[in-house]
Amino acid sequence: MYDPVERRNFYGRVHGKTLRASQKTYLEEDLGPLSLAGVTRDDNPERKLTDLSRFGDKPIWLEVGFGGGEHLVHMAATYPDVEIIGCEPFVNGIAMLLGKIRQAEVTNLSLHPGDVRDLFDVLPDDCLSKVFLNYPDPWPKARHHRRRFVTPEYLHPLARAMQPGSELRVATDIPDYVRQTLEEVPPAGFDLVHEAGPGGAWDDWLSTRYEQKALREGRAPHYLTFRRRAG
């Protein structure tokens with residue numbers, strides 16, 4: 001468990017523009033039933049997320065920071081026999097996702113509307129078979145690089161929760177984020193299995209609004225695939 005006083009956030013703000021009335025309704029009516037129970041920080045190191053039992057024997061995937069939720073909903077619709085957990089602290093993004101879930105009528109999604117480290121604290125070992133990190137906050141200033149997700153503070157708990165042989169996908173348009181990812185992820189227990197630039201996305205990839213913005217502004221996407229090592 002991490003000391004909440006010393007923990008550094010890998011994300012920025014948690015509130016944005018004023019929510020529309022429909023988005024407030026989504027939060028009031030839909031967020032509770034979709035949220036994983038028991039994912040709050042406390043002082044019990046033995047606490048575990050027993051609520052995963054509702055997934056049965058289905059593979060469990062995780063998207064860290066789902067933004068507006070388009071990729072998360074796309075993957076849920078594409079793979080109905082998989083249960084996917086979306087983790088996002090930004091309230092406006094959560095509201096956007098809930099609207100997309102209603103429209104797509106997918107039923108294999110669960111949410112943690114908060115810090116993914118609280119989720120790592122309670123996930124059982126070796127429970128995740130695929131993880132997505134799409135266009136994470138780049139924290140461009142050098143003094144803030146330690147806030148990036150691709151640091152040991154996040155990667156080691158993530159590795160513990162991932163099954164041997166499971167897949168970690170990282171998409172970013174920031175060259176220095178690629179550099180740090182290639183440096184930090186392998187020592188945490190992963191092997192690089194594929195690296196690609198523009199046009200080399202995964203076959204089931206859905207380009208997000210963040211990627212489209214990057215392309216409009218002349219930044220090239222980069223796609224990295226890692227495999228969790230055994231042991």
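Against which helices and strands do the buried residues of H6 pack? In this predicted model, local features require pLDDT of at least 70 and side-chain atom pairs pLDDT 80 or more, while totals for chains, interfaces and linings use all residues. Residues are numbered from 1 along each chain as its sequence is written, and side-chain values use heavy atoms, without hydrogens and water.

The buried residues of H6 pack against helices H5 (116-122) and H7 (175-184) and strands S4 (128-134), S5 (162-172), S6 (190-196) and S7 (222-228). Contact means heavy atoms within 4.5 Å; helices (H or I, at least four residues) and strands (E, at least two) are DSSP runs, numbered from the N terminus. Seven of the ten residues of H6 (152-161) are buried, that is, under 20% relative accessible area with a 1.4 Å probe, protein chains only. Among them are Tyr 154, Leu 155 and Leu 158.

The seven strands form an open sheet of mixed pairing in the order S3-S2-S1-S4-S5-S7-S6, where two strands pair if DSSP finds at least two bridges between them. Strand S3 (109-112) and S6 stand at the edges with a single partner strand each, so one side of each lacks a neighbour in the sheet. The twist averages 20 degrees from one strand to the next; angles run from 0 to 180 degrees between N-to-C directions, with axes fitted to C-alpha atoms, for helices over the stretch in contact. S5 and S7 run antiparallel, joined by six bridges, and Val 170 stands opposite Leu 224 in S7. The direction of H6 makes about 135 degrees with that of S5. H7 lies across S4, S5, S6 and S7, at about 10 degrees to S7.

Key. Buried means under 20% relative accessible area, exposed over 50%, partly exposed in between (1.4 Å probe, protein chains only).
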